[in-house]
Amino acid sequence: MTVTARRRAVFLDRDGVICAERGYLHRIEEFAFVPGALDGLRLLAAQGYLLTVVTNQSGIARGYFTEDDYADLTRHMVAELDRAGIRLAGIRHCPHLPDAKVATYRLACQCRKPAPGMVQQLALALDLDLAASVLVGDKATDIEAGRSAGVGRCMLVRTGHTLRAADEALADGVHDDLHACARAITAALARPDHHPPRHLPHLERPCKS
């Protein structure tokens, strides 16, 4: 009997990793790709990684924009990526916040990073090997979400939020942009002794809903 190997993916934060960090981005006219992002995505896809996005969108809960606004911007991003020859395998967003202004989204959930819910949802939907996968973010909460979900390698880029030394210490690598990060991942795969790093278990933050 032939056993099909499970697939590996890159879980990408959106703002500050793929597109420029604007602070609750929701207007299409303000959308712009981070320099190096498209090249990084192409390189990761060429290495056999499925490309996925996991993004906190508490601006919805705060009343700054709506789910429809988020959906419009997402369609625009996907269309721009398609034009660049880049395909996303999946996208998940979390609109929740425990003290949300908009009551519909007032929830202490298990999907808002640093909780691992969005990563776990995609892993189940796409039948992913989490230990062979990678997460790339621009904040400590991204790394914590990856660790909690069991992602094999969790990286940071400097194109989003300002990183403290404590944030950088959590990551398996810190790079100037997504292209530099993708090159480092590719170089690691090429090493004959390559294997996913092993970490001590990271405490999950249980859902209180």
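Pro 114 has its place in the loop between strand 3 and helix 4. In this predicted model, a cis peptide bond with omega of about 25° joins Lys 113 to Pro 114. Most peptide bonds are trans, and most residues other than glycine have a negative phi.

## Overall organisation

The protein contains seven helices and six strands. Read from the N terminus, these elements follow the order β-α-β-α-α-β-α-β-α-β-α-β-α. Of its 209 residues, 47% count as buried. Among the contacts with a separation of 6 or more, 66% are between residues 24 or more positions apart.

## Backbone geometry

Two residues other than glycine show a positive phi. Tyr 24, with a phi of about 60°, belongs to the loop between strand 1 (9–12) and helix 1 (37–46). Its relative accessibility is 36%, so Tyr 24 counts as partly exposed. Asp 127, with a phi near 55°, lies in the loop between helix 4 and strand 4. Asp 127 is also partly exposed, at a relative accessible area of 43%. A positive phi, near 90°, is found as well at Gly 150, the residue that follows helix 5.

How many of the 10 residues of helix 5 are buried? Nine of them are, and the helix is thus mostly covered. The buried set includes Asp 142, Glu 144 and Arg 147, which carry charged side chains, together with Ala 140, Ile 143 and Ala 145. These buried residues pack against helix 4 (117–126), strand 4, strand 5 (153–157) and helix 6 (165–170).

## Asp 138

Asp 138 is buried but has no salt bridge. The nearest side chain of opposite charge belongs to Lys 139, 5.7 Å away, whereas a salt bridge requires a distance within 4 Å. The side chain of Asp 138 does reach the backbone nitrogen of His 161, at 3.0 Å. Beyond its neighbours within four places in sequence, Asp 138 is in contact with residues that include Asp 13, Asp 15, Gly 16, Leu 156, His 161 and Leu 163.

## The largest pocket

The largest pocket holds about 310 Å³ of space. Its lining comprises 19 residues, and those closest to the centre are Asp 15, Tyr 24, Asn 56, Lys 139 and His 161. Strand 2 (50–56) and helix 2 (58–61) each contribute at least two residues to this lining.

## Salt bridges

Side chains of opposite charge can pair when their charged atoms come close. The count of salt bridges comes to 12.

| Salt bridge | N to O distance |
|---|---|
| Arg 14 and Asp 15 | 2.6 Å |
| Lys 113 and Asp 142 | 2.8 Å |
| Glu 168 and Arg 158 | 3.8 Å |

Lys 113 is in the loop between strand 3 and helix 4 and Asp 142 is in helix 5, so this pair ties together parts that are 29 residues apart in sequence. Both Lys 113 and Asp 142 are buried. Together with Asp 13, they are linked in a network of salt bridges. Arg 14 and Asp 15 are likewise both buried.

The pair of Glu 168 and Arg 158 has another setting. Glu 168 lies in helix 6 and Arg 158 in the loop between strand 5 and helix 6, so the pair ties together parts that are 10 residues apart in sequence. Glu 168 is partly exposed, with a relative accessible area of 28%, and Arg 158 is partly exposed at 41% relative accessibility.

## An exposed loop residue

Is Arg 87 buried or exposed? Its relative accessible area is 62%, and Arg 87 is therefore exposed. Arg 87 is found in the loop between helix 3 (67–83) and strand 3 (90–94). Its C-alpha atom is separated by 9.1 Å from that of Leu 41, although the two residues are 46 residues apart along the chain.

Key: Residues numbered from 1 in each chain as written. Predicted model: local features only at pLDDT ≥ 70, side-chain atom pairs only at ≥ 80, totals over all residues. Heavy atoms only, no water. Buried < 20%, exposed > 50% of the residue type's maximum accessible area, 1.4 Å probe, protein only. Polar contact = N/O pair within 3.5 Å; in protein donor to acceptor, adjacent residues only side chain to side chain. Contact = heavy atoms within 4.5 Å. 1 Å grid on protein atoms, 1.4 Å probe; cavity = no way out; pocket = protein on both sides within 12 Å on 5 of 7 lines; lining within 4 Å. Points joined across faces, edges and corners; volume = space filled by probe spheres on them. Helix = DSSP H or I, 4+ residues; strand = E, 2+ residues; numbered from the N terminus.
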